[in-house]
Amino acid sequence: MSAWLNPIQRWVWSDPVRRGYRLLRFAEVEADGGRDLARAAELTPDPKLRRLYLRHAADEQRHSDMFRRRGSALLRESAKRGEGWQPDWLAPGERGLDDVEVEEGRDAPLLAFLHLSEAAAARSFAVYHKAVAADAETRDVFARILKDENFHMSYTRHELGRVAPRKQGWLLWKARLGRLWKGYLRFAVALAGLMGGILLTLQYFILLPVFALGAKRAAKREPEGWAPARDKRDLKGQY
Amino acid sequence: MKILGLSCFYHDSAAALVIDGVPVAAVQEERLSRRKNDAAFPIEAVEYCLDLAGLEPEELDAVVFYERPMLKFERVLTTALRAFPASWRSFPHAMKNMLGEKAWVRGVITSRLGVPGYRILFTEHHQSHAAAAFLTAPTERAAILTADGVGEWATLTVGTGTRGAAGTSIAIDREIRFPHSLGMLYSTFTAYLGFAVNEGEYKVMGLASYGKPTMADAVRKLIARTADGAFRLDLDYFDFHTTSKRSFSEKFVQLFGPPRNRYEPIDLATDEGRRFADCAASVQAVLEDILVDLTRDLHERTRLPDLCLGGGVALNGVANARILRESGFERIFVPPAPGDAGCALGAALYADRIHFGNPDKDFPDHPFWGPEPDYAALPRIAAEDRFPHEALTDEALIEETADDLAAGRIVGWIQGRTEFGPRALGNRSLLAAPHDAAMRDRLNRDIKYREEFRPFAPVCPVEEAERFFELPPGGARLARFMSGVFPVRPEWRERLAAITHVDGTARLQTLERGFAPRLYDLIQAYGRRSGVPVLLNTSFNLAGEPIVCTAQEGYSTFRRSGVDLLIVGNTRVRKRPKSAQRETHEEEELV
């Protein structure tokens, strides 16, 4: 994460309520990541990887618990209520395993992907660790999690070397490109959604008023209560 | 005739295969994809069904989708038009949502399965619910009531069903239409109380027992009765028709107070916590009153002894038990999957019996239509991970597991084919002794990671149930698929503390030996040790995960939670002592 974002991070993390909600959202992301790793453990034919994935899943669950406990404590300690403004777009939070696709017999690409995700998470957590300097307890949570992230980074890299010794470099590049592609897709979907939303809103106000008038009149004529059921024995139509 | 039923795109997608009038397979997509409440096209469920029967898609005589997409689209569009201009925020979202896959179901099925368009049929949503409730029940004539959030237009329907040598018919006489919906009312409170809609309704029901219906009059302001005995929602209190963000309006908040923040736990010792419990109790009471009224009227009109209930509202076991006591019906049948997943089976059965006019066939009275585990997988995995495991004879398995349960151990239990529907009814269960409240707390804390106010269910041999539970006539049948909540007899409440809810009730499952023979024998063996042939039976999953399906998933859950031993078929695996676990971790550190 770029150094120039640090002041923004410090500001984002400065408010205890915002900090609390952020940690609670992190807890959900970590729990989701734990479920993905458990799934990987269920599908892998490699006993060693199964043990490591299960341990990793347990770590993620533990992180989730730590985030949840600390987030809840921050909210309890604060007199303020409600989530308020959550500027996640300004300083995106943890993305966890980033919609990882866990499939049977694809351990090598998964390990490459996990390695990069864990490295990215470790970088983010290091920034958060600095940003919460004034809050010793939250800082401690990040410090403990960072230690685990280092183990996750090292085991995924080591196992990638074991499972795919000749292809590891290529797989890491492929995973990097995959992460970029996913980032692009996220952006493209958001942009398409925004454009679609604008077009549909324009249509709503330009085309629909006349039909809306008709629909409102028809609704007034509709009797209250029970209505006779349609005769619908023909199953061929979608209508 | 080979008919595949499908439900998908909203929540809990599923596939069901009916061959020559009898179900062969039915499974929710979430059990295979491992994404809870998976709503995607159920391709893995379809593959499972077809593989089991050895069929290719082109050999299917029909594929039946559980609702009519264009009729649903009409409802979504009309709702937006009626709410104009307040619906301007929800309109783009609703249109993008509908115009993705949901409006083009015939094309999606054709492209995914390669089945020609003319073989694709569509039932109405509540027709599917009605068929799933009636055609799976052991009755020849019954009244039918279906209720959920909304299908196409209908939110609640009533009618009658007849089956037998003369043919099968399901006659839905009348319906209540969107936006007036019992399901939407309950879901709105689910959201208000900070739980996930379509998933957290159980929590509202569990929380209701901790409160008093002090706000029932306020809830009745939201839902007025009409002169003909139906009901209508006062839309000023709701926002589900104008925005996709929130289902309740500011006026609702003024009436009931600020909504619960989903991140804040419910503390029943505080005024705020009690207010939420009272809210839950109030909406539960109003829901029950209306359902009892509607079913009493239905009974008076049909004079039939049997009632089949379908739709998501039929998952409300407290309401079901009240209907049984107060409506006049002698027996109530709720299928194991009354919600949208069950519609896949309902749609296939409706097409078979009514569209194609095939003769009626008895429906096997059990829910076990999903995949069977690979029994060889557990010993292999356990050996690889150096976990103590052993293959036991049937007798040793039953007797030793009963000993473990009596010693306070929690057992992960996987036998046979997985259940179709949201409940673990004996083949994918966590079992434990039912006596001690500490066991309930341990399960909530170490395994299920869920709210402390949620109760656990008991399972008991049907012939013993009356001894421990106050069952009205027909209660044992309603409890077959855990569809009713009944009082625990006062003299047993202390000894059944882990399964007795705060209001003295329990969501009982009654068990016949033929239904799940091993579990039945285990409960009896446990009864010989404890004097109480009752076990705590909860679904074998962790929070946020679907119920386990395979042995590998059972093993992973066993490893990640406080479950003490895992049994798959005849293989038993125990947790290692802590010291041995540490050794393995140390070894793994050296990667």
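The legends below describe close-up views of a predicted model.

**View 1. The five-stranded open sheet of chain B.** Strands of chain B are arranged in the order β3-β2-β1-β4-β5, and their pairing is mixed. The edges are formed by β3 (22-28) and β5 (120-122) of chain B, each of which pairs on one side only. On average, neighbouring strands of this sheet are turned by 20° against each other, direction ignored.

**View 2. Pairing of β2 and β3 in chain B.** Strand β2 of chain B covers residues 14-19 and is joined to β3(B) by six bridges. The two strands run antiparallel. Within this pairing, B:Val18 is found opposite B:Pro23 of β3(B).

**View 3. Helices lying across the sheet of chain B.** Helix α13 of chain B, residues 340-355, lies across β1 (2-7), β2, β3, β4 and β5 of chain B. Its direction makes an angle of about 145° with β1(B). Helix α5 of chain B, residues 105-113, lies across β4 (62-65) and β5 of chain B. The angle between α5(B) and β4(B) is about 135°.

**View 4. Surroundings of B:Leu535.** This residue belongs to strand β20 of chain B, which spans residues 535-539. B:Leu535 counts as buried because 30 C-beta neighbours lie inside 10 Å, and the cut-off for a buried residue is 20 or more. Apart from neighbours within four places in sequence, the contacts of B:Leu535 include the leucines B:Leu405 and B:Leu431 and the prolines B:Pro434 and B:Pro458. B:Ala432, B:Val459, B:Ile523 and B:Tyr526 are also in contact with B:Leu535. B:Ser209 is 326 residues away from B:Leu535 along the chain, and the C-alpha atoms of the two are separated by 22 Å.

**View 5. The contact between chains A and B.** Chain B contributes 51 residues to the contact and chain A contributes 44 residues. On the side of chain B that touches chain A, at least two residues each come from α3 (69-82), α4 (90-99), α5, β5, β8 (169-177), α13, α20 (551-560) and α21 (578-589) of chain B. By class, this side of chain B has 20 nonpolar, 20 charged and 11 polar residues.

**View 6. Strand pairing between the two chains.** Strand β1 of chain A, residues 227-228, is joined to β8(B) by two bridges. These strands run antiparallel. A:Ala227 stands opposite B:Glu175, a residue of β8(B).

Technical notes
Residues are numbered from 1 along each chain as its sequence is written. Chains are lettered from A and ligands numbered from 1 in the order in which they are written. This is a predicted model: local features need pLDDT of at least 70, side-chain atom pairs count only at pLDDT 80 or more; totals for chains, interfaces and linings use all residues. Two strands pair if DSSP finds at least two bridges between them. Helices (H or I, at least four residues) and strands (E, at least two) are DSSP runs, numbered from the N terminus. Axes are lines fitted to C-alpha atoms, for helices over the stretch in contact, and angles run from 0 to 180 degrees between N-to-C directions. Two residues are in contact if their C-beta atoms, placed from the backbone, lie within 7 Å. A residue is buried if 20 or more other C-beta atoms lie within 10 Å of its own, exposed if 12 or fewer, and partly exposed in between; C-beta atoms are placed from the backbone. Ala, Val, Leu, Ile, Met, Phe, Trp, Tyr, Cys and Pro count as nonpolar, Asp, Glu, Lys and Arg as charged, and the others, Gly among them, as polar.
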